[in-house]
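Let's work through a structure together, one feature at a time.

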Amino acid sequence: MENLLLIIAGIAIVLAIAYAVFNYFCVKKLEEGTEKMGEIAGAIRIGANAFIKYEYKLVAIIGAVIAVLVFIVISWQAAIAFVIGAVMSASAGWVGMKIATYSNVRVTNTARKTKDVGKTLKVAFKGGSVMGLCVAGFALLGVVAVYLIFGLGAGQIDEIISGEISKNFITQLPASFTMTLSGYALGCSIIAMFNRVGGGIYTKAADMGADLVGKTEAHIPEDDPRNPATIADNVGDNVGDVAGLGSDLLESYVGAILSAVMLACELFTHTAVFTDAAFLQSLMLFPIVFAGCGLLACIIGISYIVIKPKLSKNVHMELNIATWIAAGVTVAVGAILSYFMFRNVSWDEMHEWVKFNVGEFSPWLAAVCGIIAGIVIGIISEYYTSYDYKPTKGIAHASKEGPALTVTQGLAEGMISCMLPVVVLAVAIFGSYEIAGMYGVACAALGMLSFVAATVSVDTYGPISDNAGGIAEMSELDPEVREITDKLDSVGNTTAAIGKGFAIGSAAFAALSLMTSYLYAFTGGDLLLNLIDPLTLCGALCGAALPFFFSGLLIKAVAKAARKMVEEVRRQFREYPGILGGTEKPDYKTCIEISSQGALKEMRVPCIFCILFPLVTGFVFGPEFVGGVLIGATITAIMLALFCGNSGGAWDNAKKYIEAGGLNEIKAEIEKAEKENAEENVGKGSPAHDAAVVGDTVGDPLKDTVGPSLDILIKIMSTISLVAVVVFNQYNLFNLLGL
């Protein structure tokens with residue numbers, strides 16, 4: 001049975017990667033359009049390639065240092081797994097960035113030639129599907145490789161069953177399969193952190209510089225070729241919103257799968273009555289095979305848009321149908337899988353061993369809790385970020401009174417938007433725990449991300465469409481082309497907010513599961529962390545402050561890089577007045593260099609800080625303090641990430657609502673009702689639009705730099721703590737001093 005289940009996962013991996021390759025070349029063979037369009041797309045491609053090349057060089061050096069430390073202190077297996085994880089995550093980011101830089105101009109050309117929203121959507125989604133399929137395919141490929149090489153090949157699963165765990169040849173500390181899996185997760189997390197933070201700083205520095213000077217000072221359109229920061233802004237969409245997104249959700253996906261596998265190992269090791277090795281292997285394989293079934297379901301969902309002959313103009317509906325198909329097939333197949341894998345174990349034994357309360361369907365129902373929670377959180381995010389609903393329209397209305405009220409209204413809506421998603425998370429955590437214990441909580445995280453290939457495909461199509469709009473503007477194409485790409489981009493902003501909700505929700509589930517494994521690692525089965533204990537309470541307080549400190553570092557980094565960009569754009573407009581007159585060409589290269597250098601320089605401190613903090617505090621204060629840190633950091637990071645994603649998305653779409661003439665339409669209705677005739681313009685270029693641009697600029701680093709980085713923060717800290725606790729549990733300063 002074990003071989004059959006792994007074959008199912010293998011088939012899913014092969015099909016996903018093959019489908020991604022097919023879509024990649026289908027998109028690439030399309031025409032780029034006019035010579036000017038090709039020239040602009042080429043400049044974006046060169047800039048994106050250059051940045052990711054330098055970033056990966058820096059990450060490779062840091063990763064090599066970490067791999068050596070893991071090899072020396074933990075185990076050689078964990079070190080190799082770390083490298084595998086880093087390679088998989090980096091590959092997903094690189095492939096996604098490549099296809100985005102090829103598909104953007106082809107989306108523009110499709111809109112130019114067909115003037116059809118449905119056909120343009122299909123090209124953009126095909127490009128996004130390459131990223132989605134590669135994220136899930138590469139992640140699952142690495143998990144299966146680690147399972148086969150170290151779990152079966154090196155005999156680490158047999159060691160868990162026999163209870164004779166081998167030891168590291170230098171430190172003589174236990175080198176278990178759990179540590180090897182943690183090494184793989186850590187490799188994915190390191191790349192995700194640098195890609196998200198570095199790409200986020202790059203894209204928002206360029207975006208803010210382009211908007212603040214171009215829109216509000218020079219009053220030229222977004223992505224106007226006269227703006228020196230436009231190419232840098234479009235490069236940023238690829239390195240931040242595509243490469244960063246891919247590595248981020250790959251890391252979330254891996255964390256969801258492995259938290260369940262690691263928890264199964266810990267339950268078997270520390271539960272005295274749990275002695276059935278076959279049941280252990282089923283528990284370990286279920287998350288992997290369930291993820292494989294979810295990937296097959298995503299291939300079906302993605303094919304709905306790719307194969308359907310004619311797509312409607314309702315972009316949001318088409319994308320939702322693809323996601324719902326993937327989710328529905330995952331739920332149906334998951335029920336069959338759960339029954340097939342656990343049907344031979346009695347209900348009483350499952351309850352006694354791992355707290356399964358609904359028999360063989362327990363892990364499936366727990367996963368369904370996660371799926372439902374993810375969908376509900378997505379609906380809530382859509383309500384607070386889409387300009388079809390009251391909150392975002394309220395921000396747009398506030399813009400008529402100036403930027404201060406725009407920012408105030410956006411802050412209020414962002415804060416209010418945190419409540420309902422957290423209630424949904426709490427209900428899902430409690431429900432999944434009642435159904436299947438802590439293993440059920442891990443399955444809920446897996447369920448939420450089981451159709452990640454579909455959600456990433458939908459997410460990635462957004463920045464591709466955004467780039468396509470920029471190319472249309474810079475190439476001076478028919479305004480109708482920009483209207484089509486803007487419609488796709490607007491929906492993309494909402495789907496991105498939904499994707500961020502999935503990411504932070506799954507992070508909460510996975511962090512709780514990793515916390516359980518962390519407690520097992522140093523308490524030996526007594527899962528108690530006393531919050532009244534001064535050391536643990538101090539850790540919780542410091543941990544609660546950590547996401548705010550981390551977020552502040554990121555916002556300052558973006559502001560610093562954006563300030564240089566603003567100064568450069570102003571300098572060019574001042575020294576070369578012919579740029580605005582259209583008689584001189586702006587210097588795009590300098591702006592690209594400013595964003596690149598700023599991102600590479602500013603990302604180091606936040607990234608290294610979040611890696612070192614749990615290690616340093618662990619070796620000084622011990623595991624109880626770090627346990628408190630993880631609790632405090634997880635709670636506040638969830639709130640901050642939801643706030644940042646929703647408020648930033650709402651500000652962005654409030655601006656787009658004004659640009660689409662939403663306020664003009666409402667104003668006309670009011671005038672008709674009141675029989676008044678006002679001359680005030682509340683569309684593009686108006687004071688209300690200027691205020692909305694300021695709000696969007698405030699929200700940019702929140703939604704695209706801070707928010708997405710926070711879910712990585714809590715998982716990377718949990719993973720690092722789990723890997724290192726076997727060391728600092730024994731060797732810490734407080735123990736040495738007898739405290």
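Predicted model: local features only at pLDDT ≥ 70, side-chain atom pairs only at ≥ 80, totals over all residues.

Q: Which residue pairs with Glu 31 in a salt bridge?
A: Lys 113 does, with the closest N and O atoms 3.6 Å apart. This pair links distant parts of the chain, 82 residues apart: Glu 31 is in the loop between α1 (2–28) and α2, and Lys 113 is in helix α3. As for the labels, helices (H or I, at least four residues) and strands (E, at least two) are DSSP runs, numbered from the N terminus.

Q: Is Glu 31 buried or exposed?
A: Buried means under 20% relative accessible area, exposed means over 50%, and partly exposed is in between (1.4 Å probe, protein chains only). Glu 31 is exposed because its relative accessibility is 53%. Lys 113 also has a relative accessible area of 53%, so it counts as exposed.

Q: Where do Lys 36 and Glu 476 lie?
A: Lys 36 lies in helix α2 and Glu 476 in the loop between α15 (452–474) and α16 (479–523), so their pairing ties together parts 440 residues apart in sequence. Their salt bridge spans 3.9 Å, N to O. Lys 36 is partly exposed at 36%, while Glu 476 is exposed at 59%. Glu 476 also has a positive phi of about 55°, although it is not a glycine.

Q: Which residue forms a salt bridge with Asp 116?
A: Lys 310, with the closest N and O atoms 3.8 Å apart. Asp 116 sits in the loop between α3 and α4 (117–153), and Lys 310 in the loop between α8 (277–307) and α9, 194 residues apart. Asp 116 counts as buried because its relative accessibility is 17%, whereas Lys 310 is exposed at 60%. In the loop between α3 and α4 you'll also find Lys 115, a non-glycine with a positive phi of about 55°.

Q: How do I read the packing of α9 and α11?
A: Axes are lines fitted to C-alpha atoms, for helices over the stretch in contact, and angles run from 0 to 180 degrees between N-to-C directions. The axes of α9 (residues 315–342) and α11 (residues 362–385) come within 9 Å and cross at roughly 165°. That makes α9 roughly antiparallel to α11, because angles over 145 degrees count as roughly antiparallel (under 35 roughly parallel, 65 to 115 roughly perpendicular, the rest oblique).

Q: Which residues form the nonpolar surface patch?
A: Patches take residues with over 30% relative accessible area and no salt bridge, joining like charges within 9 Å and nonpolar side chains (Val, Leu, Ile, Met, Phe, Trp, Tyr) within 5 Å. Here they are Val 68, Phe 71, Ile 72, Trp 76, Ile 80, Phe 169 and Ile 170, with about 630 Å² of accessible area together. The largest share, three residues, comes from α2.

Definitions and conventions: Residues numbered from 1 in each chain as written. Heavy atoms only, no water. Areas by Shrake-Rupley, 256 points an atom, 1.4 Å probe, with all protein chains shown as cover. Salt bridge = Lys/Arg side-chain N within 4 Å of Asp/Glu carboxyl O.
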